[in-house]
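Subject: Structure for your files

Hello,

Here is the structure I said I would pass on. My notes are below it.

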Amino acid sequence: MNLISAANISKAYTERWLFKEISFGLAKGEKLALVGSNGTGKSTLLKVICGQILPDGGEVGKTKGLIFGYLPQEPELDPNKTIEESLFSDSNPVLNLVKEYEKAIVDMDYPADKMQHILEEMERFNAWDFEQKAAQILGKLGIHNLKQRNDSLSGGQKKRVALAQLLIQQPDVLILDEPTNHLDLQAIEWLENLLNAHNISLIMVTHDRYFLDNVATHILELERGKLYIHNGNYAYYLEKKSQREAVFATEVARARNLMSKELEWMRRMPKARGTKSKSRIEAFYELKDKASVDLSKKEIEISVRTSRLGNKIIEAEHVSMNYGNNCLVDDFSYLFKKNDRIGVVGRNGVGKSTLLDLLTGEIKPTSGEVIHGPTLKIGYYTQHSNDLNDDNRIIEEVKQIAEYVTLGNGEQVSVSKLLDMFLFPPSMQHTPVAKLSGGERRRLQLLKVLVGNPNFLILDEPTNDLDIDTLNILEDFLVGFDGCLLLVSHDRYFMDKLVEHLFVFQENGNILDYYGNYTDYREEVDNLPATPEVAPKALETKSVEAPVAKKKLSFKEQKELETIEKEIETLEARKTELNTLLVSGTTDHVVLTQWADEIADLDKLISRKSDRWLELSEI
């Protein structure tokens, strides 16, 4: 049975159909990922599904009482409220349920039938450990100062608060538009594991290909106003899409071959037409529609000449950066070499963007020195870039840098031609910058960086708001880029394809230089011993100390480890038994309260013993 059923829904803006008569359903536990190029209507379709806007045709049906949780690309929070007020407002159904339960268990006159309903709802939302779950969500998403007002938050912080709000509310269906934007890599991996739970149903738009592969059970592709449904993850979708396009291209070619013959028949056909002729006429118009399909795809062409790079590039010598008592970069030294391809990873707020600003000279270090070579020409693309003038037209914005640009093959082209190659056709080039979408602004910023013919590219979160096709083209350009590349990105696939070693931010501004890509690093970290004293050779820091002997379990601890698993199993079995009793229909108020209290105690005991089991098993 579907939780959501979209039947023949259509939506148009002005005279252009975004999508027409598309249908699909979402069953419990399914995870649908919506993909397609920028401008195909993915975000609009999400808004239609959750009722934010009405379709121009068709209807969206949902199970009675179904609760949606919708995360837009750019959430809006009440500027007069604090983070805490937004997260734990009266509109949170789970929080209200917990409050009502706490009220009921102390009220001896509370109606038994209402108590039964509350217990069933507590079980439905798994709300017994609400506070513990909320604290974990906030910690993983890096939300700590709950008293901070919403009007002081950046766009990325608002996105994380809005995501936390949804996860704490635990709606029946999550509808997420680019949920990984503004999350660090650790938070993305945590969210990935959370959404993989069997009982979570969701529809999402994301460009993160590893996320798609690991979470999605179905891929829905919007293309030319139609919806193509693929059962499986992203890798399976790519295989089937290629097969589908090959078959469709053959059908279009066949239709075009038949067109001349059928067109000649139509021209000489007499006016008095029988039934057989009418069916052939209808078939002709269907054939004409298929034959006229434009199979060509307009893609970004990225090809610009790289300025010559000398032997001396950037030298960082004992660079430190402090803000008050907060050390973001501590005694960092590195001599950049030709064709370096380095990724920068670490938690949000740890200092990644600060390091980039130090290396570009945007800010001066507290101590140490950054020296630039004489031929260095940096192209700096930053997620917080505000260098677009909304009053300018698109072509004016680029002409400020150069009238003509030299491509990688030596050809000189005008700015207008280059804009056309970047999917800004002549009809659009005199559009005010203020009217551009998020993805279009990103493209224009990237173009401005490349027009300067840099030989050292520094990219801070370049993948936000770009569709997957554009990302693939950008990746191909960067693979062949004949210069140095320094990259901050939460897109693990993008990182793995482009970088050869990492600057890994640790505690207190310490930066590790790790040789390998992000997946190599994660696998090595996952295989680290539990004790922090022991580290693999690849992760050793500058000061190497003698290895510390690994701690072993005592005889008593070994016995405890053997018995604790059985104890946890027994507790889990008792909890399952009590949950069955709660929904059995018993109306005795006192008995129901006793069972509920015992479940709460069991949850705490299971959690405590699980922590102890984990502690012992890691030694």
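This is a predicted model: local features need pLDDT of at least 70, side-chain atom pairs count only at pLDDT 80 or more; totals for chains, interfaces and linings use all residues.

Cores. The largest nonpolar core has 61 residues. Helix α6 (residues 155–169) supplies the largest share of this core, 7 residues. Leu-195 and Met-204 have the most contacts inside the core. Beyond its neighbours within four places in sequence, Leu-195 is in contact with Lys-31, Leu-174, Leu-176, Ile-200, Leu-202, Phe-211 and Val-215. Another core, of 46 residues, lies apart from this one; Val-433, Leu-466, Met-495 and Leu-512 are among its members.

Ser-201. This residue is in strand β7, which spans residues 201–205. Ser-201 has 1% relative accessibility, and because the cut-off for buried is under 20%, it counts as buried. Its side chain reaches the backbone nitrogen of Gly-29 at 2.8 Å. With neighbours within four places in sequence left aside, the contacts of Ser-201 include Leu-26, Ala-27, Lys-28, Gly-29 and Glu-30. Asp-172, Val-173 and Leu-174 are also among them, as is Leu-3. Leu-174 is in contact with Leu-195 too.

Helix α11. This helix runs over residues 352–360 and is mostly covered, with 7 of its 9 residues buried. The buried ones are Lys-352, Thr-354, Leu-355, Leu-356, Leu-358, Leu-359 and Thr-360. Just after α11 comes Gly-361, with a positive phi of about 90°.

Regards

Terms used:
Residues are numbered from 1 along each chain as its sequence is written. Side-chain values use heavy atoms; hydrogens and water are left out. Helices (H or I, at least four residues) and strands (E, at least two) are DSSP runs, numbered from the N terminus. Buried means under 20% relative accessible area, exposed over 50%, partly exposed in between (1.4 Å probe, protein chains only). A polar contact is a pair of N or O atoms within 3.5 Å; within protein, one must be able to donate a hydrogen and the other to accept it, and residues adjacent in sequence count only if both atoms are side-chain atoms. Contact means heavy atoms within 4.5 Å. A nonpolar core is a set of buried Ala, Val, Leu, Ile, Met, Phe, Trp, Tyr and Cys residues joined through side-chain atoms within 4.5 Å.
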